[in-house]
Amino acid sequence: MNILLRLMGFVKKYWVRLLFAFLCMLASTAFMLIIPQLISQSIDTVLADGELGALMWLALAVVGAGAMRGVSAFGNAYLTEVVSQKTAYDVRNALYDKLQRLSFAFHDQAQTGELMSRGTADVEAIRMFFGRGLLGMLQITILFVGISFLLVRLNPLLALMTMGFLAAVGWRAVIVARLLRPIWLKIQELMAVLGTILEENLTGVRTVRSFAHEQEESDKFSAQAEILYDEHIRATRKRAFNLSLMVFLVTIPIPLILWYGGGQVEAGALTVGELTQFIFYLTIMAMPVRRLGFMTNILSRTVSGGQRVLEILDTESVVREKPGAVELNDISAAVSFDNVTFSYDSASPVLRDVSFTVEPGQLVALVGGLGSGKSTIAHLIPRFYDVSGGRICIDGIDIRDVTLDSLRKNVGIVQQNTFLFSATIRDNIAYGTVGADIEQVIAAARAAQLHDFIESLPDGYDTWVGERGVTLSGGQKQRLAVARTLLVNPRILIMDDSTSSVDVETELLMRRALEELIKGRTTFIITHRLSVIRNADLIVVLEAGEVVEKGTHDELMARSGLYREIYESQSVVGDGSGEDFS
Amino acid sequence: MSAHHGGGQHGGGELSGTFDSDKVMGKVYDSRVAGRLIKYLGPVKSNLSLGAGGMILRSVTTVAVPFLVGIAMDRIIEGDLVGRNTMVLIVAAVIMVGWGGRYLEELFLGFVGQKILYRVRTQMFDHLQKLSLGFFDRNKVGRIMSRVQNDVQQIQELLASGMLNVLFSAVTLIAIAIIMLVVNTDLALLTLTVVPALAIVAFIWQKYARRAFIRVRRAIATVNAQLQEGIAGVRVTQSLTREDVNAEQFESVNREHFTANVEAARLQAAMWPMVEILTAVGTALVIYFGGAQVLAGQMTIGALVAFMLYVRRFFEPVLELTMEYVEIQRAMASGARIFELLDVEPEITDDPAAPDLPPAKEIKFEGVSFGYSPGTRGLHDINLTVNPGETVAIVGKTGAGKSSLANLITRFYEVQEGWVTVDGYDVNSVTQQSLRRQIGVVTQDPFLFFGSIEDNIRYGRTEATREEVIEAAKKAGAHDFISRLERGYETQVGERGENLSAGQRQLVCLARAILANPPIIVLDEATSNVDTHAERVMQRSFRRLMKGRTCLIIAHRLSTVTRADRIVVLDQGRIVEIGSHRELMARKGMYYNMYGSLLAPGPEPQSA
């Protein structure tokens with residue numbers, strides 16, 4: 001209930017339209033109730049050998065009422081839709097904005113597909129409630145009360161019989177909806193499993209074919225599809241039984257009305273016209289009553305969907321701007337780590353007591369094995385995560401004291417997995433610098449050694465990439481990311497190069513691009529390119545989250561520690577060529 | 001943002017060929033889609049006829065009830081007690097029959113729908129297993145997924161209620177018209193004049209509705225795509241501080257979504273006044289002219305009541321149809337997309353008489369030319385023999401054709417000219433399955449399925465024992481890290497499981513290949529994807545895997561290259577040099593230059 005109240009907050013803005021929708025609904029319900037009255041009167045007029053003129057007026061009244069009912073029903077349906085779509089629009093915007101701003105820690109935990117379903121199915125569930133759900137339920141209630149009132153006035157006992165059946169059906173509809181809900185949820189789950197099997201089969205198509213596992217895959221899929229089928233059949237049986245029963249219960253009052261009501265007519269307690277009212281009102285109620293189940297389903301879907309949406313809207317980003325944070329401007333880009341400790345889940349620290357100082361314009365190489373904490377260091381500088389202890393300063397200012405925007409504008413990062421947006425290459429390069437002109441984009445692409453490749457494409461810079469576009473190789477994507485960052489022109493640069501896929505050609509191109517990239521910036525680089533590491537002003541060697549050595553190549557080689565050990569073992573594996581730090 | 005079509009522009013295996021799903025978009029009825037769907041009804045005949053029988057019963061009773069009610073009314077007016085009671089019993093009996101009919105209809109038509117869905121689903125999946133890799137290169141996973149999932153889901157609507165319901169609504173309508181005509185021809189004709197009016201309105205309406213519907217579909221797709229990218233690309237967005245620009249962009253597609261939906265809603269809501277007014281007009285006609293006839297003694301009150309009930313019934317199917325309109329349109333488009341996929345011909349098929357390939361060791365390329373699409377050439381006239389037990393490294397620039405060479409051995413693609421033979425068997429002449437069982441492929445991108453690590457290793461040889469699995473993991477150098485995991489070999493991995501690092505995934509894949517124990521290994525060297533420590537472990541595992549097998553390696557590392565028995569240097573799809581490291585260095589050709597460039601000093605003067 002709490003959730004519904006909070007969701008109501010979204011509709012508040014549109015209360016005028018909602019009020020009009022409500023008034024239209026009232027009008028349309030009223031006109032709906034009037035028509036059987038007119039019919040009843042005309043039958044009685046005919047029976048009383050009345051005048052044709054009177055019938056004429058009644059007929060015209062029916063047309064008038066019908067027209068009014070149509071118009072008000074239109075107003076109701078249309079206005080409700082506008083309000084519900086507006087609400088969905090607001091919720092979707094809020095959700096998108098929130099997701100954009102939540103920290104990496106949140107996105108590490110979340111799955112894209114799962115977030116998508118909140119942004120689509122759950123928002124839709126909220127919309128449905130404000131669309132058909134809310135006013136729909138009100139209308140059923142008003143109809144039921146209104147009809148009961150009208151019929152009780154005519155004949156209490158017959159009214160009780162008729163409305164009693166309807167109430168029973170409504171109640172049954174709600175029960176059935178509750179009964180079916182767990183089955184539907186189970187079906188959703190089974191569908192998700194089936195989806196995973198399919199997705200894996202498609203993304204792993206090479207593996208499947210290489211091991212000639214097509215038949216096994218088909219068996220796996222159809223076994224799961226069969227489980228899904230069985231569940232559907234279970235739902236079908238329950239549905240068929242209950243639906244037919246409900247329809248039966250809605251229509252069976254007809255003979256009752258004819259039997260008991262007929263007796264009343266003969267006794268002179270009821271006119272024939274009034275008798276037909278019972279039958280017409282019964283017909284009017286039949287549909288809405290059966291819908292009750294559907295309505296309650298909307299309600300419970302809205303509650304669970306609303307909960308999931310609100311959960312995200314309520315999530316506070318762990319990385320927050322301090323009130324009164326200052327802009328970080330005109331930095332010389334000295335960076336220092338003072339006893340930095342960090343853990344993702346407060347259980348086991350990923351970084352322990354990391355300290356080092358970087359002078360403006362220096363090149364720092366972060367070296368270490370898997371899980372040593374190199375990438376974590378890279379992610380702490382632009383505050384994708386916040387340190388758990390200690391502090392990181394740029395030009396002596398704690399990075400938590402400056403605005404996020406200004407910090408990140410000064411810190412450029414080229415990440416491991418380059419994400420391309422479904423847009424042109426040009427838009428992708430200018431992603432961080434909206435409004436950059438084509439010359440600037442080309443200059444950045446040239447510096448990243450990507451220009452020649454782009455020019456070789458038929459559409460050049462207007463080539464579509466991303467999900468539905470041309471596929472780029474790992475090396476090309478990486479260079480695009482470099483161009484993207486170059487265009488922003490940050491003073492501090494972080495390059496996570498540890499998992500780049502390189503072949504001989506890309507290797508050479510990257511080497512040239514790097515040269516361009518690090519010029520005049522403070523640069524952190526995670527790489528296995530020996531040539532780069534050897535030339536670094538500072539090499540920080542990490543092991544299990546701790547700094548074990550730091551210094552220049554020569555200093556570290558002289559110390560015969562971990563760095564030298566790794567270096568030498570690599571050189572041997574490399575057959576003396578020493579081309580790579582691996 | 002303009003609509004754009006990705007994927008391929010080439011040859012067969014396209015998802016837009018014979019069945020153009022775009023053309024069906026917005027249609028409520030497409031004869032080809034319906035025709036194909038009807039074929040699925042054959043195997044479910046018995047269920048279908050029971051369901052249809054139920055539906056007919058239901059229709060007959062719904063049509064009969066107002067008529068009977070009318071007669072009962074007349075008996076009441078006449079004061080005929082026995083007649084009234086008889087009619088009450090008849091009405092009750094008819095309603096009971098209707099109940100049974102409804103039950104049969106819901107149950108068996110439900111079965112029919114589910115059976116067809118099951119068949120369509122598995123058929124699509126099986127069909128995907130037959131399609132060649134070229135198809136998957138050209139069609140993104142997301143698009144295929146949405147056909148098997150969303151589109152199948154969508155036709156469920158059509159099957160479960162839509163098509164037959166519409167058909168029987170029409171039948172009911174005609175039945176009502178006939179009864180009305182029989183009971184009172186003049187009044188029936190008068191009342192039925194509203195039908196052409198309704199038809200005209202509906203015709204005009206659906207034209208607009210179709211356009212609005214297409215607009216809504218597009219808007220939804222755009223919003224979803226934007227949302228998806230917003231989430232998937234959030235790391236880039238934050239690091240480039242583009243949140244505000246993105247929010248603005250999203251707001252604008254979201255607004256278009258809103259506008260499109262409201263327009264569609266207006267159209268759908270517009271059906272209300274039409275139907276209501278026409279119903280009221282119908283009722284008014286019955287009241288006035290019917291009333292006049294009753295007064296003139298030409299008609300009974302009961303018939304008048306029955307007429308009024310029929311007028312309401314008349315428009316019910318019409319309203320239902322407009323409500324379901326959008327769903328039916330979607331289902332038609334979905335059906336078209338499903339058949340489009342099912343109609344894609346596999347480019348590579350086994351000859352019906354193809355024999356299985358016996359264990360083989362020697363690979364031979366004879367005059368092989370190849371391109372990924374008909375017009376292009378990636379490989380020219382390749383002649384190469386890899387002897388049993390030999391390790392051959394292939395080097396060359398990006399796009400030199402290294403991967404193509406590897407893809408041809410497994411027949412993931414077919415040569416355009418020449419032959420690839422394995423122990424003298426043309427790879428095109430044996431079954432694909434038997435061929436691939438002889439060849440172990442280790443790719444750059446290690447892929448794990450959702451399931452335990454053990455399951456993933458066993459993928460290599462389904463019948464392997466637990467001991468054999470562990471043995472393979474040990475050989476691959478994966479055992480150590482697996483034992484350190486909390487749940488060891490039971491650890492769930494893959495998309496929805498625990499995340500292993502790239503290096504660890506690669507080791508599991510190696511174990512899988514070792515367990516499969518193929519005599520030929522094709523290795524797309526993946527060493528660049530892992531860090532230093534894992535790399536060393538892996539290099540050792542590779543060497544162990546290669547021992548005693550025929551190996552073709554797409555090499556990225558000079559250390560691997562120098563250890564190979566022979567090196568093949570590819571340039572622009574041609575073999576330019578073959579020989580051992582020493583021979584090629586001595587020749588001072590392309591290999592010598594590539595090797596030299598890698599040893600050249602870095603960007604800045606070396607301090608060492």
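Me: Is the crossing of H6(A) and H10(A) left-handed or right-handed?

Reply: A crossing is left-handed if the near helix is turned anticlockwise from the far one by less than a right angle, and right-handed if clockwise. Here H6(A) and H10(A) cross in the right-handed sense. This is a predicted model, where local features need pLDDT of at least 70, side-chain atom pairs count only at pLDDT 80 or more, and totals for chains, interfaces and linings use all residues. Residues are numbered from 1 along each chain as its sequence is written, with chains lettered from A and ligands numbered from 1 in the order in which they are written.

Me: At what angle do the axes of H6(A) and H10(A) cross?

Reply: Axes are lines fitted to C-alpha atoms, for helices over the stretch in contact, and angles run from 0 to 180 degrees between N-to-C directions. The axes of H6 (residues 156-203) and H10 (residues 272-314) of chain A cross at roughly 25° and come within 8 Å. H6(A) is therefore roughly parallel to H10(A) (angles under 35 degrees).

Me: Which phi value does Asn489(A) have?

Reply: Most residues other than glycine have a negative phi. Asn489(A) has a positive one, near 60°, and sits in the loop between helix H16 (474-488) and strand E9 (492-496) of chain A.

Me: Is Asn489(A) buried or partly exposed?

Reply: Buried takes 20 or more other C-beta atoms within 10 Å of a residue's own, exposed 12 or fewer, and partly exposed lies in between, with C-beta atoms placed from the backbone. Asn489(A) is partly exposed because it has 16 C-beta neighbours inside 10 Å.

Note on methods: Helices (H or I, at least four residues) and strands (E, at least two) are DSSP runs, numbered from the N terminus. Angles under 35 degrees count as roughly parallel, over 145 as roughly antiparallel, 65 to 115 as roughly perpendicular and the rest as oblique.
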